[in-house]
Amino acid sequence: MQHAKHAAFALLLLSGLVVSAKAQTSLPDAIAAPGETAVLTVHAEGAQVYECKAGADGKLAWAFREPIATLLADGKTIGRHYAGPNWEHMDGSAVVGKAAGNAPGATPDDIAWLKLQVTASRGSGVLTGVTTVQRINTKGGKLEGPCDKAGAFKSAPYSAEYVFLRKG
């Protein structure tokens, strides 16, 4: 009887791991990176910074300016993310990306999930050889509504996971 309980518990744990692994791999086609392998996944906490600007119609609206975020692994700061977009790891390696695909966030308040192609890199370390960055599991970061003074800044807190991939 005790053996059956242990076997049932082990099966329950295993099925949870399979479901979890499956959930992590189901990305929208627009941001998928077939043939690439993840070399690092980090959690980011920060803000999306917006500036009040006149649109084509002359009306003031919030326009995205830049991200500012701390990159975390196991609760420890391991790097930063900022305008460019740039990602820097504490080992000195860094990459710059350019948007290549996007998919909507889970709610209307969440910024889009992104696929970014690496356009430049520097330093030597874990980000060396990275070809693609994915921004997934976003929470928050959108700022909408009127603004009344051109040149004003406002930030919207966000979190996301960044997955760094390389070919092969």
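Which residues of the largest nonpolar core touch the most other members?

## Nonpolar cores

Trp-87, Val-133, Tyr-162 and Phe-164 touch the most other members of this core, which holds 24 residues. A nonpolar core here is a set of buried Ala, Val, Leu, Ile, Met, Phe, Trp, Tyr and Cys residues joined through side-chain atoms within 4.5 Å. Buried stands for under 20% relative accessible area, exposed for over 50%, and partly exposed for what lies in between, with a 1.4 Å probe and protein chains only. Two or more residues of the core come from each of strand 1 (36–54), strand 2, strand 6 (113–122) and strand 8 (153–167). There is also a second, separate core of 7 residues, among them Ile-31, Trp-113, Ile-136 and Val-163.

## Basis of the description

The model is predicted, and local features need pLDDT of at least 70, side-chain atom pairs count only at pLDDT 80 or more, and totals for chains, interfaces and linings use all residues. Residues are numbered from 1 along each chain as its sequence is written, and side-chain values use heavy atoms, with hydrogens and water left out.

## The barrel

The fold contains a barrel closed by 8 strands in the order 1-2-3-4-5-6-7-8, with antiparallel pairing. From one strand to the next, the twist averages 30°. Such angles run from 0 to 180 degrees between N-to-C directions, and the axes are lines fitted to C-alpha atoms, for helices over the stretch in contact. Strands (E, at least two residues) and helices (H or I, at least four residues) are DSSP runs numbered from the N terminus. Two strands pair if DSSP finds at least two bridges between them.

Strand 2 (residues 60–73) and strand 3 (residues 76–82) run antiparallel and are joined by 5 bridges. Across this pair, Thr-70 stands opposite Arg-80, and Leu-71 stands opposite Gly-79. The hairpin of these two strands has 2 residues between them, and Asp-74 takes a positive phi near 50°.

Strand 3 is also joined to strand 4 (residues 86–89), by 4 bridges, and these two run antiparallel. Here Gly-79 has His-89 of strand 4 as its bridge partner. The hairpin of strand 3 and strand 4 has 3 residues between the strands, and Gly-84 in the turn has a positive phi of about 145°.

## Salt bridges

How many salt bridges are there? The count comes to 5, where a salt bridge is a side-chain nitrogen of Lys or Arg within 4 Å of a carboxyl oxygen of Asp or Glu. In one of them, Glu-51 pairs with Arg-65, with the closest N and O atoms 3.1 Å apart. Glu-51 lies in strand 1 and Arg-65 in strand 2, so this pair ties together parts that are 14 residues apart in sequence. Glu-51 counts as buried, at 14% relative accessibility, whereas Arg-65 is partly exposed, with a relative accessible area of 43%.

Arg-65 also forms a salt bridge with Glu-66, where the closest N and O atoms are 3.6 Å apart. Glu-66 is partly exposed, at a relative accessible area of 22%. Another salt bridge joins Arg-122 and Glu-88, whose closest N and O atoms are 2.9 Å apart. This pair links distant parts of the chain, with Arg-122 in strand 6 and Glu-88 in strand 4, 34 residues apart. Both ends count as partly exposed: Arg-122 at 37% relative accessibility and Glu-88 at 21%. Salt bridges with shared partners join Glu-51, Arg-65 and Glu-66 into one network.
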